[in-house]
Amino acid sequence: MSDIKGPSDGSAPRNAPVDPERRRFVQLLGMGGIVIAAGPAGIRRLDDAERLAATWAEPWSPVAYVTLHDDGMVTLICHRSEMGQGIRTTMPMIIADEMEADWAKCRVEQADGNEKKYGSQNTDGSSSISNFLPKYREAGATMRALLEDAAAAQWGVNASTVRARQHMVVHEASGRTVTFASLVASARTLPMPAKDRVRVKSAAERRWQGKKMPSIDLVPMTTGTAKYGADITLPGMKYAAIARPPVWGGKVVSVDDSAALKVPGVERVVRIPEPPIPAGFQPLGGVAVIAKNTWAAMKGRDALVITWDHGPNATYDSKAYKLSLQKSVRSAGKPGRTLGNVDNALASASRKVSGEYYMPHLSHAQMEPVVAIAQVTNGAVEAWAPTQSPQDARATIAAFLKVDVEKVTVHVTLLGGAFGRKSKPDFICEAAWLAREVKAPVRVQWTREDDLRNSYYHAVAAHRLEAGLDAKGKVIAWRHRSAYPSISATFAPKVAGPSIDELANGASDIAFAIPNMSVEACPAVAHARIGWYRSVNAIHHGFAIGSFVDELAHAAGKDTVQFLVDLIGVDRQVDLNKDGLIAPTNNYGASWADHPMDSARAKGVVKLAAEKSGWGTPLPKGRGRGIAMNMSFLSYVAMVVEVEVLPDGTVMVPRATVAVDAGFVANPDRARAQMEGALVMAMSNVLYSEISFAQGRVVQSNYRDYGVTRLKAAPHVVDVHLVESEGLPGGIGEPGVPPACAAIVNAIFAATGRRVRELPVAKQLAGWTGGAADAPRDHDGFSSDDS
């Protein structure tokens, strides 16, 4: 690269060289058809990028979204990973709708991990539509305007008199039509449409946005032709199974591989180095068995005799750690939000209530265990994997193998579930390392046991909440202390407890009108890899807060729905950075101006869920309803769950009602599916799932001892109601889980009188004999004080 210095204003000199990689990219994409790309400065035709870059008048990193080819076919680049949420359908259909394309003439291609070409592809945080809807729309509308201009020029008429319709442009006055394909050549010679010519469609004009749209992947998924990670094969490919340190931070002391090498099909045994912890996304290290097939690799791994040094986390024990978390939340923590004076308000309260809640580690436990294939040719690494973040995979591979990131290519396959696990590329690094070592393509296949015992876990958490009620039952004081190991502990040493930002994922950003409030982060040191898990910290925050609100309503002698509505308070919009937050938070990557906390929306979903669920109507003995509301990832979700508790303590969920205000919803069918999935996942979190540690090792091994919701336990009815809105979109994939957790335990209380404060529920209902719900009892675990 040149070391030419730019002028003092930061711009580059006019004769500065253009990045050759980008120039080549522009040339390749611009050789035929019309390519519409996006950049920080907006939407442009791709061949404009080179002109702009050459002058350095406006540094612009184009991201290709849509290409109209000379034959009229449209290629739409999906730069997000498909893991069941429908993004490979929703994102392209928005662009195609805006450009008036014929869906039958559109095809979708998956972006690889090259950030220069396709921008960030990190699929997390329910951000794909919330972050990109305006750009998708503008990209499609720009293409439409460009084609209309080309047709108008061809006919010698004003552009305002023509309209694009279904892959052609129509001049209504004369009845003339011309296809998109016929306009490509002339459109390429025109200047880009002026900004006021690029008009995003009105609601009435949209054909697909906001309406049900079948998934483009449905047929291949249901016929078995869809390509997931393990469907990729390469000539000469080897298969690897890896014995990883059973304790986080452990290392190999010695290996006896003589028995492993005698297993038919086993070819080699290879050491993978153990990076010092915390190692972020890098692999755990260990010993890999390379074989002709996966079965031989696994049998060879079983035959290894390894002596381990288990390292600093060898004594990690979940029972002892739970006690330490409980102790932690009983002392003051680091403030995350402070309003008024909680101590004084509690002292003056007519009634004080407190409750403590506990949630264990969770595993993503996705149906498809992680898998990756890689090969190394002339120093260049190429990998295929079901990954949520191919650019993170590129960077981590480059760092682990000490190669230039430009020499790493990562192809994204379909994902058979992910829930955050596949945003971490440690497993892809393993494949890349081994491919270089054995000089052949290598597939690393994790088993279910590998997944459960070597994952990045959802944080174990303890919470203590205290509130003061006045004589009318109104909450005048609120204190919430949280203790859980931070995700940051996986990347940086000596991190002891949640960050202020993590509190703003469901604890300090609550939509309650309480004059005296303190939300605090309490110490908790990590002894395992902690990672993002669907809904992240909003799960345990939502479980604790939603449960406590129900407890407060009962303490106040009020109906929970009305109590919740009163607690949210008068209609208002709040910038939480000006309302008690100690440090600015990123509001899920959005500005507070665009997405303020809106109490009217919060109350709206509560009332809608209550109305649609038949809240307050009688239920048979053993059944109960619970409600909770949560705002996370810029969306508001309220859920009423109906449970039936069988005499042996088994909890069934026959019905749930969900109300969602997520702003504009581009694909309602997928949004409803996401809410259904969120409820099923929340049932697993609440009723069955627990990862526990003993002597530093995960106790659970497979679905037989790590419970998840089975088909027979799935709800018969999930009634989802989407609030119609033209507002800026929020998230959909993640916000459904947190309210479901609290709604389930609140429903259990309504059905049994048993208040569950420690998860999973199963053990809390031991001994329940089907008694009436009119005699509330507490279990003898985490406590509640009501004075």
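## Salt bridges, a buried helix and a loop residue

The count comes to 34 salt bridges, a salt bridge being a side-chain nitrogen of Lys or Arg within 4 Å of a carboxyl oxygen of Asp or Glu. This is a predicted model: local features need pLDDT of at least 70, side-chain atom pairs count only at pLDDT 80 or more, and totals for chains, interfaces and linings use all residues. Residues are numbered from 1 along each chain as its sequence is written, and side-chain values use heavy atoms, with hydrogens and water left out.

| Salt bridge | N to O distance |
|---|---|
| Glu172 and Arg165 | 2.2 Å |
| Glu430 and Arg244 | 2.8 Å |
| Arg479 and Glu466 | 3.7 Å |

Salt bridges with shared partners join Arg479 and Glu466 into one network with Arg330, Asp343, Glu356, Arg464, Arg481 and Glu520. Arg479 and Glu466 are buried (buried is under 20% relative accessible area, exposed over 50%, partly exposed in between; 1.4 Å probe, protein chains only). Glu172 is partly exposed at 47%, and Arg165 is partly exposed at 41%.

Both Glu430 and Arg244 are buried. Glu430 is one of the buried residues of helix 13. In that helix, 11 of the 13 residues are buried, so the rest of the structure largely encloses it. Helices are DSSP runs of H or I, at least four residues; strands are runs of E, at least two; both are numbered from the N terminus. Just after helix 13, Lys439 has a positive phi of about 55 degrees.

Asn667 sits in the loop between strand 27 (651-661) and helix 19 (668-688). Asn667 is buried, at 5% relative accessible area.
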